[in-house]
Amino acid sequence: MVQLYNLHPFGSQQVVPCKLEPERFCGGGRDTLFVAAGCKVEAFTVVGQELCQPRCVFSTLGRVLRLAYSEAGDYLVAIEEKNKATFLRAYVNWRSKRTENSRVCIRMVGHDVEAPFSETFRDQMSIVEMPLSEAPLCISCCPVKGDLLVGCTNNLVLFSLKYQIINEEFSILDFERSLVIHIDNITPAEISFCVGYVAVMSELEVLIVKLESDPKNRESVNYRPHKTTNPTKQAEGISNETSQLESDDFVICQKPMELLGEKSKQSGISVTLESTGLADEKIKYFHVRHLLYRRFAPDISSCLLSDDVRLHSLQLLPIYQTGSLTSDRKNSSQEKVLLSLFCFFSLPHVGYLYMIVKSVELLSVYQYPEKSQQAVLTPQFLHVITSNNLQCYTVRCSAAAAREEDPYVDTTLKACPPISMAVCALRIQLFIGLKAICHFKNHVVLLTKADPETVPERRESPKRFLSRKGTSVNPKTPPVAEAGWNLYIVNTISPVQLYKEMVDYSNAYKTAKTQSCVHLLSEAHLLVRAALMDASQLEPGEKAELLEAFKESCGHLGDCYSRLETQHSHLALPYYKMSGLSMAEVLNRVDWAVEDGSQKYERGLIFYINHSLYENLDEELSEELSAKVVQMFYAAEPKQLPHILCSPSMKNIDPLTAIKYLRKLDTSGFSSVLVTLAKAAMALKMGDLDMHRNEMKSHSEMKLVCGFILEPRLLIQQRKGQIVPTEFAVHLKETQPGLLVASVLALQKNNKIGIEEADSFFKVLCGKDGDTIPQLLVDFWEAQLVACLPDVVLQELFFKLTSQYIWRLSKRQPPDTTPLRTSEDLINTCSHYGLINPWVNVLISSESLVDKNYMEDLSKLQLPSFHSWSHSQKILLLASVSMFCVIRV
């Protein structure tokens with residue numbers, strides 16, 4: 001179901017001053033419109049929203065049946081008819097055409113041009129004629145490389161774009177007939193070509209293949225005529241005998257079919273390649289990979305089949321690599337890198353949009369309220385014309401391309417609206433007598449003809465829909481020009497302007513908290529994202545404006561998901577992150593008004609705040625906002641309240657307010673050691689030592705250690721990437737160092753803190769810089785040995801401890817605090833300490849060794865793993881002990 005929003009994507013319009021009724025027209029790059037009428041092509045310069053002026057006129061060989069422009073190479077190609085014969089011609093260097101009578105150079109494709117003619121080719125338009133063995137029916141230019149694909153009755157011919165070098169200063173554009181694609185059982189009515197992807201469409205069939213340049217399958221290059229008997233076709237129950245049953249009394253209908261990937265080989269359409277290019281060609285296609293085949297059945301609900309029940313508007317739309325949307329990074333290379341490719345085709349009442357790069361997937365189905373005549377797909381919109389309406393639909397190309405660019409887009413860091421979101425019609429604009437449409441840059445070109453055609457077209461037999469071989473595509477000769485026609489250029493408004501209108505429109509749904517608000521804001525977000533993906537077409541000022549709108553749209557989506565109670569409420573977090581809003585700015589956007597005395601906080605907002613407070617952000621909330629956060633979590637997630645209070649962002653919370661809510665948890669039956677530690681921390685913060693002692697005495701030391709494991713931020717916090725001990729940790733250092741060491745050891749054992757982080761914590765806590773080791777850190781190392789932690793490298797720990805013992809002995813430096821464990825305690829509790837060696841007993845009994853600390857350090861030098869030390873470590877130990885002995889003597 002398509003949802004309709006009455007928005008205004010179309011801005012001003014202007015009339016193209018054509019002299020004759022246009023028969024074919026197409027956009028030319030950024031600023032040119034080509035209009036073919038009779039045996040002439042007029043080029044108009046389109047600048048801004050109010051200026052469309054004639055640029056040049058040049059004659060064609062005959063009436064133009066098809067017209068296409070390639071931005072790569074800046075050339076125009078046309079299929080022309082004269083005396084019932086068709087010709088394929090490319091118009092090169094057309095910008096140098098000053099007047100209609102200016103000289104024109106005509107040359108055959110592939111013919112070398114001699115150097116003396118270089119100046120002539122530089123200043124005049126060239127017409128390149130491309131002879132074909134079969135009459136051309138349709139054409140398509142690759143938007144990336146500029147190669148030309150021509151559709152004929154039984155094959156497709158690829159002309160590669162190249163440049164002939166005339167001299168060091170000048171080269172001319174030329175083509176090379178490089179590949180013939182033989183296709184049996186389907187006659188192309190329209191084709192589309194983009195970097196090796198080929199889409200072919202007949203009246204009721206669509207085939208998409210990819211030409212691949214893997215040299216392993218060289219044998220498939222040679223053309224082999226397709227056999228009359230096709231096993232695949234027989235498997236489907238469609239044989240030559242069946243086709244013979246067709247007569248005026250019988251109608252044979254083929255069933256609808258959709259085949260994806262390799263299964264599309266079962267379509268019964270044979271595709272083989274015949275290479276005709278030079279051996280030194282840079283890119284050669286060797287085999288074909290089938291991607292999609294889809295066949296539709298004609299509507300036989302009525303007695304007569306309409307001639308207009310056929311597919312139309314086949315189009316391949318590429319989207320290129322763009323880089324980060326939130327940075328100004330520019331691609332140094334001028335070559336476009338294909339990110340994703342989309343294919344669109346349409347029946348009169350329904351259109352289909354597929355993604356076909358990494359996998360073939362149907363993205364969207366468009367149901368039209370009226371019978372369509374033609375459609376054009378852009379990265380932002382799908383424009384469809386009926387007889388009296390110009391319709392504008394949203395597309396999902398940017399959402400699909402975003403996931404191709406970053407497969408991890410749907411995380412806590414970033415998000416994008418889903419491709420499964422229903423499409424919507426932004427506008428249905430009335431135009432009388434619409435006949436044709438094309439699009440370039442931000443212009444929609446429309447041909448209208450108010451007077452109805454008086455001569456009805458001859459209807460053909462219904463059987464022509466049912467047999468591929470009976471299909472013929474002969475371009476119809478346009479009717480004689482009549483009065484009442486116009487060629488309009490409708491300017492689409494800028495993405496930012498339409499985005500703002502969408503945001504204003506969404507305010508109607510904001511108070512109701514409906515999914516319509518999310519849907520419309522998601523459309524606005526995708527509109528801006530799609531515009532940013534085509535950054536090469538943007539001016540620096542436009543890109544900056546779009547980036548600002550992109551961040552703003554993320555903020556709006558974050559607001560929606562934060563206040564809606566849906567299964568996708570968690571998306572508030574990535575959208576708020578992408579918006580660049582701080583936590584305080586997000587909280588200031590919350591409606592804190594209470595109507596009935598009870599405030600309900602949706603889980604999207606709770607999820608965002610909770611996750612943000614866990615991320616150790618450097619942002620500190622004000623006292624007022626901190627109080628609101630505490631109130632919010634007490635009402636919505638009371639179990640998270642002790643954790644929230646430990647966040648560095650809640651540094652400014654009033655301790656009395658925090659204790660008040662924590663005590664409410666106690667009275668409501670929610671009591672735990674974590675609540676006790678949180679109250680003790682708040683009591684310490686407001687200087688109430690008695691309350692702090694009472695809280696700490698209410699649980700055993702083992703339970704207190706478990707409480708610190710549940711919330712390490714009670715002891716250790718990170719600010720600006722640096723480890724910062726809390727006031728609680730400083731107080732424990734002075735009053736209960738044993739509990740502090742046991743708690744940090746438990747954190748390490750439970751992977752809450754790393755080895756280096758723990759060492760850094762004790763150094764910062766004790767105010768030691770550089771290589772100075774505080775005794776509390778030595779106590780921690782000794783505790784690690786006793787605990788036998790599995791992730792601790794024992795040899796490194798042995799060396800650190802021994803080095804510290806020897807350093808203090810050699811420097812006659814006593815510990816800065818009283819050690820928590822004596823040598824006797826370590827020998828009794830730790831298997832890594834052995835019996836005291838005799839030479840240590842001699843030193844200990846020396847009368848000159850009076851200080852007990854020296855005796856303790858000597859006694860601790862009993863690590864049994866001395867034999868496994870490295871040679872340098874052994875030398876260091878023995879030298880240090882020898883020096884100490886010399887000093888003692």
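Predicted model: local features only at pLDDT ≥ 70, side-chain atom pairs only at ≥ 80, totals over all residues.
How do the axes of helix α19 (residues 755-765) and helix α20 (residues 775-787) cross? They come within 8 Å of each other and cross at roughly 150 degrees. The two helices, α19 and α20, are therefore roughly antiparallel to each other, and the crossing in which α19 passes α20 is right-handed. On the α19 side, the contact is made by Ala758, Asp759, Phe762, Lys763 and Leu765, and on the α20 side by Leu776, Leu777, Phe780 and Trp781.

**The whole chain**

The chain has 889 residues, and buried residues make up 51% of them. Among contacts with a separation of 6 or more, 66% come from residues 24 or more positions apart.

Helix α14 (residues 673-685) packs with helix α17 (residues 727-735), and here the axes are 10 Å apart at an angle of about 85 degrees. That angle makes α14 roughly perpendicular to α17. From α14, Leu677, Ala680, Ala681, Leu684 and Lys685 take part in the contact, and they meet Glu727, Phe728 and His731 of α17.

**Helix α10 and what covers it**

Another helix to find is α10, which runs over residues 603-614. Helix α10 has 12 residues and reaches 16 Å from its first C-alpha to its last, close to the 16 Å expected at 1.5 Å a residue. Which residues of α10 are buried? They are Gly604, Leu605, Ile606, Tyr608, Ile609, Asn610, Ser612 and Leu613. The cover over these buried residues includes α7 (540-563), α8 (572-579), α9 (583-588), α11 (623-636) and α12 (641-645). After α10 comes Asn616, with a positive phi near 55 degrees.

Helix α12, one of those covering elements, holds His643. This histidine, His643, is buried, with a relative accessible area of 13%. Apart from its neighbours within four places in sequence, His643 is in contact with Tyr614, Leu674, Leu710, Glu711 and Arg713.

**Charged pairs**

Side chains of opposite charge can pair when their charged atoms come close. How many salt bridges does a search of the whole structure find? The search finds 21. Three of these pairs are set out in the table.

| Pair | N to O distance |
|---|---|
| Arg55 and Asp31 | 3.8 Å |
| Glu129 and Arg89 | 3.1 Å |
| Glu262 and Lys265 | 3.0 Å |

Take the salt bridge between Arg55 and Asp31 to begin with. Arg55 belongs to strand β6 (residues 51-59) and Asp31 to the loop between β3 (24-28) and β4 (32-37), so the pair ties together parts that are 24 residues apart in sequence. Arg55 counts as partly exposed at 30% relative accessibility, and Asp31 is also partly exposed, with a relative accessible area of 26%.

Next is the salt bridge of Glu129 with Arg89. Glu129 sits in strand β11 (residues 125-129) and Arg89 in strand β9 (residues 85-92), so this pair ties together parts that are 40 residues apart in sequence. Glu129 is partly exposed at 25% relative accessibility, whereas Arg89 is buried, with a relative accessible area of 5%. Salt bridges also link Glu80, Arg89 and Glu129 in a network.

Glu262 counts as partly exposed at 45% relative accessibility, and Lys265 is partly exposed with a relative accessible area of 44%.

**A buried leucine in a loop**

Our last stop is Leu311, placed in the loop between β21 (287-295) and β22 (312-320). Is Leu311 buried or exposed? Leu311 is buried, because its relative accessible area is 5% and buried means under 20%. Phe345 lies 34 residues away from Leu311 along the chain, and the C-alpha atoms of the two are separated by 6.8 Å. Leaving aside neighbours within four places in sequence, the residues in contact with Leu311 are Met201, Ser202, Glu203, Leu204, Glu205, Val206, Phe296, Phe345, Ser346 and Leu347.

Technical notes:
Residues numbered from 1 in each chain as written. Heavy atoms only, no water. Salt bridge = Lys/Arg side-chain N within 4 Å of Asp/Glu carboxyl O. Helix = DSSP H or I, 4+ residues; strand = E, 2+ residues; numbered from the N terminus. Buried < 20%, exposed > 50% of the residue type's maximum accessible area, 1.4 Å probe, protein only. Expected span 1.5 Å × (residues − 1). Contact = heavy atoms within 4.5 Å. Axes fitted to C-alpha atoms, helices over the stretch in contact; angles between N-to-C directions. Parallel < 35°, antiparallel > 145°, perpendicular 65-115°, else oblique. Left-handed = near helix turned anticlockwise from the far one by under 90°.
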